[in-house]
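Me: I would like a close look at one part of this structure, the surroundings of the ligand. Please take me through it step by step, and then through the sheets.

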Amino acid sequence: MPKETIVVVDDEPAARTAVARLLQERGYTVYALTGGQEAIDFASNTPFDVLLTDFRMPGGLDGLTTVRAVRRINPQVVAIIMTGHSSVDLAIESLKLGVHGFVVKPFTAFELIRNIEQTIAQQTLSRENIRMKALVDVFSTTQALLSANTEATQLPRLTLELAMNRVSATQAALLLLSPERENSLELEVVAERSTPEDDGGDLMLPVFLPVDGYTNQHSAQVEQIRLLGQRALDANITLLMIDGEEVVPGSPRMLSSTNKLSQAIVPLMAQGRQVGALVIEKSGADPNFTEADLQIAAILASQGAIAIDNSRLVHRLAKVEALHQADRLRSEFVAMVSHELRTPLTSIKGYATTLLRPDVQWNNQTGTEYLSIISEECDKLMQLIDNILEVSRIEAGALRIYPEPIQIYEVLDRAAMETRRRSPEVSLAVSYPPVNEIPYVMGDSQRIIQVLRNLIQNAIKYTPSDPRIAIDLDVISGDADQPNGMVRISVQDNGIGLTQENKDLIFERFYRVDTGSTRRTEGTGLGLAICRGIVEAHGGQIWVESEGRNKGSTFFFTLPVADIANQLDLD
Ligand code: ADP
């Protein structure tokens, strides 16, 4: 490491030259100056590490005044005073003004060097200590940025907040490259430091401002930081602007204390990818950004950039995956629908073509028979299309139900009556508790009867001989999930039953168990998918139990009990 740069100030040429030579021999870079004013002018143009000044310099500024002025320009400078008369008062006064060490005249070369080395070491240590503390703090806070729990949308805010707090910025903004807007740099978050009164204490929390409002009000500034952000990004360097003028970080201008506004524009890069830019600002009332501030801001910006970039990648992947999935489902659906539509259409086309054959004269009876087959197939087609539409509505979450407090046993009676009228050969039993013990249910009775109709028709369809169907109703008391309780309705048959593996699959659309008896019965495999959609839209559940093949099946579904208040209203 190169040794420090030392400025020696002494009005006595002999002493000045002797000290300068001594230090040069020790490997320091030395500038020997004749007085305080010279030192101040020098400090304004050239950075250096140590100011070694004589205390009394008649005809010019004294040592303490020189130290004070130089440290105002360069607060990092280590100041050592050479004095002929050491006193406690002088020592205290000097320490107050930021003097770090004394060498009492006359001194030997050894004493001078030892003193300078010790003071520099002490200062370096204490600065290093402060820097380490800040870094430990920065690293622990950046953990939050990289932790998986942080919401992706919160990352820009969090980055801004951390940076703002670490460097005590008065205002800060974060811009992100927007892929939606041709990769232009757009303002994402903007914040200013609260005044102590705002947060009821001296904690200066950032206050986030509405981005749109801010952009409208300060369009010129926003445009300016967008341009600067793009420049910082393109060059991948931190830009420092003081009162609108670009300043090289580390140069003395950075240290002058008479600015109105200083801004640091830090690029946000992740793995060579441009992500955005962080802008931190300090108003003139605050001490300027130090180099350590800029370093900390750069660390935070790079951590923030990685976190934001990662979350964007994850988001993009998830979107692509969801699109693929939707695409797969859509093609699957289209394939199934075309297949299902083809069967009745083929039949219609076949009978129609046969009827239209010019070489055959059909008698009236055959003609009527074929036409009625065509008509039935058309009905099936219509039913199928209705069901397909219903399933798509369910899948799109667009199934409309209109629940209201209803007497559920009335719905059971209605379904039973319909079945008896249509299929008088079926033995059907309906049982429920005494009606005054059955609570109102929140349900859309049109939809619930649709579910029951479907389950009863299936029970008949999948029971090859002597179908016996039992419909039951049970009241289930409330729990944490359903505080008002549920009613459970079951439809039991003595049919072909279901194997374990088919029990869940039959509720999927187009799924039909592939057995001889199922193949013989007509169906689309949509009925139970629709039942599930309707029951779940009510907040209930549907499932099936079966002891196995040819052991019959029992379908169950639950519906939530209506709120007591609703029941009272009805009464
Ligand atoms: P579909 O009856 O039109 O085929 P569903 O969605 O109503 O369509 O039923 C899906 C499948 O579930 C049926 O094809 C059948 O294999 C099976 N299934 C439905 N109800 C019963 C039942 N009560 N007993 C045995 N299997 C049934």
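Reply: Start with a sorting rule: Ala, Val, Leu, Ile, Met, Phe, Trp, Tyr, Cys and Pro count as nonpolar, Asp, Glu, Lys and Arg as charged, and the others, Gly among them, as polar. Keep in mind that this is a predicted model. By that rule, the shell around the ligand holds 10 nonpolar, 8 polar and 3 charged residues.

In total, 21 residues surround the ligand. The closest are N458, Y462, R512, T524 and L528.

Now take the polar contacts. They are pairs of N or O atoms within 3.5 Å. The side chain of R512 has an N or O atom 2.5 Å from an oxygen atom of the ligand. For K461, a side-chain N or O atom is 3.0 Å from an oxygen atom of the ligand. D493 faces another element: a polar atom of its side chain lies 2.9 Å from a nitrogen atom of the ligand.

How much of the ligand does the protein cover? On its own, the ligand has 520 Å² of accessible area, and the protein covers 98% of that.

Next, ask which elements build the shell. Two or more residues each come from α12 (445–461), α15 (527–537) and β19 (553–560). The largest share, 3 residues, belongs to α12.

β19 leads us to a sheet. This open sheet has 5 strands in the order β14-β16-β17-β19-β18, and its pairing is mixed. Neighbouring strands are turned by 15° against each other on average, direction ignored.

Look at β19 and its partner β17 (residues 486–492). The two run antiparallel and are joined by 7 bridges. In one of the pairs, S490 has F556 in β19 as its bridge partner. Helix α11 (residues 408–422) lies across β14, β16 (468–476), β17 and β19. Its direction is at about 170° to β14.

There is also an open sheet of 5 strands with parallel pairing, in the order β2-β1-β3-β4-β5. β2 (29–33) and β5 (101–104) are at the edges with a single partner strand each, so one side of each has no neighbour in the sheet. From one strand to the next, the twist averages 20°. Strands β1 (residues 5–9) and β3 (residues 50–54) pair in the parallel sense over 4 bridges. There, V7 stands opposite L51 in β3. Helix α1 (residues 13–25) packs on this sheet and touches β1, β2, β3 and β4 (78–83).

Technical notes. Residues are numbered from 1 along each chain as its sequence is written. This is a predicted model: local features need pLDDT of at least 70, side-chain atom pairs count only at pLDDT 80 or more; totals for chains, interfaces and linings use all residues. Side-chain values use heavy atoms; hydrogens and water are left out. A residue is near a molecule or strand if one of its heavy atoms lies within 4 Å of it. A polar contact is a pair of N or O atoms within 3.5 Å; within protein, one must be able to donate a hydrogen and the other to accept it, and residues adjacent in sequence count only if both atoms are side-chain atoms. Accessible areas come from the Shrake-Rupley method with a 1.4 Å probe; for residues, only the protein chains shown count as cover. Two strands pair if DSSP finds at least two bridges between them. Axes are lines fitted to C-alpha atoms, for helices over the stretch in contact, and angles run from 0 to 180 degrees between N-to-C directions. Contact means heavy atoms within 4.5 Å.
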